[in-house]
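Me: Can you walk me through reading a strand and its surroundings? I'd like the general idea, then the case at hand.
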Amino acid sequence: MKEGMRMRRVKNFINGEWVDARSGQFFQSINPANKTEVVGVVPKSGGEDIDRAVKAARKAYETWRLTPAPRRGEILFSAAEILLKNKESLGKLETREMGKILPEAMGDVQEAIDMGYYMAGEGRRLSGETVPSELPNKDMKSIRVPLGVFGLITPWNFPIAIPAWKIFPALICGNTIIFKPSSDTSVCAAAFVEVLAEAGLPKGVLNLVHGTGGEVGEYLVSHPAVDAISFTGSFDTGKHLEAICGALHRMIVTEMGGKNAIIVMDDAKLDLAVEGAIWGGFGTTGQRCTAASRIVVHKKIYKKFIERFKAAGSRLRIGDGLRKETDMGPVINESQFNKILQYIEIGKKEGAKLILGGKAYQKGSCSKGYFIEPTIFSEVTPEMRIAQEEIFGPVVSVIRANHLEEAIQIVNRSLYGLSSAIYTQNVNSTAIAERDLETGIVYINASTIGAEIHLPFGGVKHSGYGRKEAGGRGGALDTYSRWKVIYRDFSGRLQKAQIDK
Ligand code: UN1
């Protein structure tokens, strides 16, 4: 724990060297549970730093793409081993820089470990198809090839897992990388890159450039020598980057917001549903893109659900995520803190009934951080702004529904479509929900959060665009490689497909 309290001077990582930004300027990364604690001092980079990183990545690509994938996999396997050895210290660092409670921070590191082992194994598969030709003495196959130099832009809410979701598959497929993490979690990003360097990644294959989205993110996305982009963050930024890439004819995948909902039917196991709503709504302080911000409850059990949900919410203990007894940590920064409090005011003005929380939490040492009470609104109607817009904080809206079909309509009446859930004991209801819910992920008798890494992750509508993160075939491998098709004719004569019989 003592080690965890030190302030770090982090650097950019370009062409295998730790360097400051060309500008010589810095910014601070602070602990959201205690604004007076500086977790790290971080280089404030600009276009010149990106230029150097892109140059290094382009050069490294020439050899990395030819390195056998099983060898690339060995480096990933070593990285996973190092992460496992350092799981607790990385978790503590993450709690200090991002605020989530330690068990969740260690889960975040575990998600990266899982992805490391998984993608290491993919190094021995990366399979395509070999199929017979319609002509004699001819063979044909599809193979996966890298896209080239990838720009990766990641958010602060999963400071190690989300970079791992992108970096490990991009590497196993043979791409080289410029990694631009959120400026709120620069120290975690540097710690993660240190692990990959220690695992033996050749110089230039993975480059890290710190800075803000406006200053370096956009420059990276539109850089002429970058081949593809993967972005996770807000809808507004993602859509803007999609437009840039569209004009440049550049591949981009975006993973964006959510307004995820849990349906609780009248035959649900109520206590289980309440637990799921608490975990989905207030886990990670509501700051997952999969967070359950709407609970759509069958009218027959609405009152009972509200009572139990409120009681469970009021038992949550708020505080520094490093303390064992804490259930819910702070929100990430001042602008999020203000935005969430504004949404609470909007909810009140719209006529929703505030039944729990509703303000900043400032008891004792919590006055030094960005803490907000777990907040529940009941009597929310589907069109209210608090039921439509992504708040990204510990604010949950409870909506009443008359029957299953109406509940599904309410869930689908959203610009977003990332994750949804239904609690019911009726197998037929689960079948209808699984068919009709318009989200990329559907949970049955489980909350909206907690996706595992070996199936594709991503949503529809405003929640995402293009290919998916995580998973193998149909997921990350398709995102970070493209198909090349080879036809070989060894007949020694001209053979015409579709014409010769
Ligand atoms: C995110 O919130 O951006 O499914 C990712 C989950 C986590 C990942 C969330 N495994 O909740």
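Me: Which residues of strand 8 are on one side and which on the other, and are they buried or exposed?
Reply: A word on the source: this is a predicted model, where local features need pLDDT of at least 70, side-chain atom pairs count only at pLDDT 80 or more, and totals for chains, interfaces and linings use all residues. Residues are numbered from 1 along each chain as its sequence is written, and side-chain values use heavy atoms, with hydrogens and water left out. Strands (E, at least two residues) and helices (H or I, at least four) are DSSP runs, numbered from the N terminus. Buried means under 20% relative accessible area, exposed over 50%, partly exposed in between (1.4 Å probe, protein chains only). Here Val149, Gly151 and Ile153 sit on one side, Phe150 and Leu152 on the other, and all are buried. With five of its five residues buried, strand 8 (149-153) is therefore largely enclosed by the rest of the structure.

Me: Which strand does strand 8 join through five bridges, and which through four?
Reply: Two strands pair if DSSP finds at least two bridges between them. Strand 8 runs parallel to strand 9 (residues 176-180), with five bridges, and parallel to strand 11 (residues 228-232), with four. Ile153 has Lys180 as its bridge partner in strand 9 and Phe231 in strand 11.

Me: How many disulfides are there?
Reply: A disulfide is a covalent bond between the sulfur atoms of two cysteines. The rule asks for a pair of cysteine sulfur atoms within 2.5 Å, and the count comes to zero. Cys173 has its nearest cysteine sulfur, that of Cys245, 19 Å away. Cys173 is buried, at 3% relative accessible area.
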